[in-house]
2 protein chains.
Amino acid sequence: MTKPIQFTQAIRSWMDVFMHRSMRGWGRYAKSTGLSMPQFSIMMQLHYRGACGMSKVSEGFDITPAAASQLVDKLVHNGLIQRVEDPHDRRAKLLSITDKGRDLVLEGIEERYRWVDELAGKLTAEERAQVSEALNIITRVAQELESEPVQHHP
Amino acid sequence: MTKPIQFTQAIRSWMDVFMHRSMRGWGRYAKSTGLSMPQFSIMMQLHYRGACGMSKVSEGFDITPAAASQLVDKLVHNGLIQRVEDPHDRRAKLLSITDKGRDLVLEGIEERYRWVDELAGKLTAEERAQVSEALNIITRVAQELESEPVQHHP
DNA sequence: GTATAAAGTTAAGCCAACTTAACTAACAAG
DNA sequence: CTTGTTAGTTAAGTTGGCTTAACTTTATAC
């Protein structure tokens, strides 16, 4: 029988090496685009989660609506995101990523992926199959966890 | 036969869900410690890479020596890291993490791990075994890649 | 309809990170 | 020993993200 501790150890080791590597490339690329990290993060959120209002931004990043408004302003001026009136509620705004913004985000993601492709090249075909299967398992479970209601500390 | 594209897809999906989740917890914790992100990053580097001089910090984070000196100053004043003269070169300083600093970093890492433990709980024993094995494979390969000389763009 | 709440913006100001420039101290070469 | 280089610090000033406070506009409740 496989003890849980074994799994824990395996995934922690992987996280350490992966995070280390991934963060470095991410920060480097964010800097090269001329965007600050908060700005880059907003772009990422819009790309992964789709269009949303200002309130989602300020809540998601734990900043005041004023701060969110100012950050978004800069991105709009740079043509990276679009801000239009929500037709269902004229007080609200709908933020969405533009083609230019999407290109920028996708290139950043590619940057991270390059390392992974290198990694794939060092594996045998059987190893790749084995790893693929395992990753599919934890990805599925992780997504299930994500969609569950999140508990906030008081 | 397993095509490389299959592996690539599996690992990219995992990266997406993992990064998303992990970054959130990381940022949240860094904020709760009262440290800024650059300060927190320096702590992480000292923890993972061990003691080093100021120059390694300024190079590693792509900032001027002046900026590094000021950041380190704050961490030293907070008792999180130690700055002593290098006995081999009295111009240089040796930076190392203190017990207090290590506790802080370790707790931040724990924070990230908590989610993974939750994830482990949702797997069967067989799945855990399968995933462990696969992760060990890519961790080993990733570490090999890390230790190879890094190529810098001109 | 009027009052209250909600979504966002604008303005003023604070603070941390960063830069450049000028500096000190220690090593290295001749 | 003097000249030049390397490691790091200090000071002054800039910038960007953030906050609070006051405001506009639209929706909602009674």
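I began with the surface near DNA strand D, where I found 10 nonpolar, eight polar and seven charged residues. Here Ala, Val, Leu, Ile, Met, Phe, Trp, Tyr, Cys and Pro count as nonpolar, Asp, Glu, Lys and Arg as charged, and the others, Gly among them, as polar. A residue is near the strand if its C-beta atom, placed from the backbone, lies within 6 Å of it.

A note on the source: this is a predicted model, in which local features need pLDDT of at least 70, side-chain atom pairs count only at pLDDT 80 or more, and totals for chains, interfaces and linings use all residues. Residues are numbered from 1 along each chain as its sequence is written, while chains are lettered from A and ligands numbered from 1 in the order in which they are written.

Next I asked which residues come nearest to DNA strand D. Of the 25 around it, they are S36(A), A66(A), G53(B), A66(B) and S69(B).

Then I turned to the chain contact, which takes 46 residues from chain A and 46 residues from chain B; two residues are in contact if their C-beta atoms, placed from the backbone, lie within 7 Å. On the side of chain A that touches chain B, α6(A) gives the largest share, 18 residues. Helices are DSSP runs (H or I, at least four residues), as are strands (E, at least two), numbered from the N terminus.

Last, I checked D62(A): its phi is near 60 degrees, a positive value in a residue other than glycine. D62(A) sits in the loop between α3 (54-60) and α4 of chain A.
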